[in-house]
Amino acid sequence: MTLQPLTPVNCAGLLQQGFSLLQLDGEVLLFGQKGWPKRSCPTGVFGVRFKLGEMKLRAISFSNDSCYLPPLRCPAVCRLDPYDGLPESYLIHGGRTPNNEISSSLYLLTMDSRGCNRKLTLCCKEKELVGEVPGARYGHTMSMVQSHGKTACVLFGGRSYMPAGERTTENWNSVVDCPPQVFLFDMEFGCSSAHTLPELSNGQSFHLAVAREDCVYFLGGHSLSSDSRPPRLFRLRVELLQGSPLLSCETIETGISISSAIISRTGPTRYIILGGYQSDSQKRMECSTVILNEKGITFEALESPKWTQDITQSRTWFGGSAGEGTIILAVPTEGRPSQADVHYFYHVSFQTEGESKADEEAQGCSQESTDYDNSTPLEDSEELYFGREPHELEDIDGEEGNYNEEDEEDESQTGYWMKCCLGCQLNPNKWEPYYSTELFRPAMIFCSRGEGGHWVHAQCMELSELLLLRLSEGSKKYFCMDHGGLPFQEMTPPRQVTPLKRTPLKVKDRKTPPTIKMSPAKKSFFRRLFD
């Protein structure tokens, strides 16, 4: 096993706690980055490349018939191996968005096509469930079971906000454990059913789940009600009978006290557990091998990598599985103000040296020829772009289509990649619609001054809705209150219309008075005559 430091190239700010790593068609994908990307990657899914100790991200495009996939943190992710002629795919349920919204949607992510230049295109579809549908949650697990020639999905655990009747202003963002119910999905017809078992009496979240045939094992987890991590291990057996499914649960005494651990599959029935926490102030530094067979589940101690000083002294760590026997591990740079990056990243490999080199060479050859062209961003109803030209919303040409971190705002300071004026009183996490054009987020307007410009809330600019719509039509320059307010002189001045000269119309049949030519003698004669 090896522990190799990774140097992120313009992507360190994207890998935040709660991200997920997927493996489709031999490629590692990053999902659930820090916020809604703007120009570099409109889909929010990146391809991860490891080469010579460096880690780079490249934008992944979706097919035209795909739905929008928000960046979900701590969702339930389940891999579906190819079966019955169906391709390999991933199920993604729930999760928490960077805007502190908890999702209840279920998405199916598959590979759509491979271009002639090895360009990967994904297809994302939202699956609708009927029946007893699980509510919004995060920190839960999904697993696939097979019984009597049928396949179903098992969902368990997680956290969610307090019920609507109990939420107040003080505890609006307080979360509780979801009821300990087991949900069963029929992926063919989209039917969902909830089951309550006496052995599962307390809710748990951030646990591990491994499945083999018709059994699912729930290991560890954290309980908010008791604020503890008991060494729990349950075996759930699901029999997909002709009528209704039959579920039974058994408590096993050989559990492990662990939460938020990373699990990586090394074979059809072998897994490796790395990381996690034994308590709020103690990380679990040991590694374990999990073996599933006909007799049940067994644990074997595994030699841990030689941890660095940064890993042993850090209070938190997180990561994800990047393939069979490989894990990406991240620790914060605590107490290092001189460090430009927020986290240290490590590549942990439990493969032999020969297998690791062969995989690295294969990955480098297959991905080195990959060249991502510009892709048109998907239409996103949650994005409101004001004062931007259409060409500014397209992907930016870069070296091998790499992600450029400079295109994103620092979420640690802005909360939601939104940087507003200093006097902003609007909380982007708690807001009420102010304009009729607002859908799911406050309306934003782009300030042209500063380091590359930034977004501000239109409400803080004291704009009326008519003015906001008028400004969004053109490509003019606006400045926020911190940069001189809203200068109307910078806008296109109204066109000066010169007044027209009104000449009287000529009447066609108007007769001019007749003139009589007389000599001066005749004029004096007539003057004396009338006088």
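1. In strand 5, which residue is the bridge partner of Thr7? The partner is Glu54, and the two strands concerned, strand 1 and strand 5 (residues 54–59), pair in the parallel sense over two bridges. Strands here are DSSP runs of E with at least two residues, numbered from the N terminus, and two of them count as paired if DSSP finds at least two bridges between them.

2. Before going further, please note that this is a predicted model, in which local features need pLDDT of at least 70 and side-chain atom pairs count only at pLDDT 80 or more, whereas totals for chains, interfaces and linings use all residues. Residues are numbered from 1 along each chain as its sequence is written, and side-chain values use heavy atoms, with hydrogens and water left out.

3. Strand 1 (residues 2–8) is also joined to strand 30 (residues 343–349), by five bridges and in an antiparallel arrangement; within this pairing, Gln4 has His347 of strand 30 as its bridge partner.

4. An open sheet of mixed pairing is formed by five strands, in the order 11-17-16-13-12. Strand 11 (130–131) and strand 12 (141–147) stand at its edges with a single partner strand each, so one side of each is left without a neighbour in the sheet. Strand 12 runs antiparallel to strand 13 (residues 150–156), to which seven bridges join it, and Gln146 has Thr151 in strand 13 as its bridge partner.

5. Strand 20 (residues 233–239) pairs in the antiparallel sense with strand 19 (residues 215–219) over five bridges, where Tyr217 stands opposite Arg235. Strand 20 also pairs in the antiparallel sense with strand 21 (residues 246–251), over six bridges, and Glu239 stands opposite Leu246 there. Strand 20 and strand 21 form a hairpin, with six residues between them.

Notes. Helix = DSSP H or I, 4+ residues; strand = E, 2+ residues; numbered from the N terminus.
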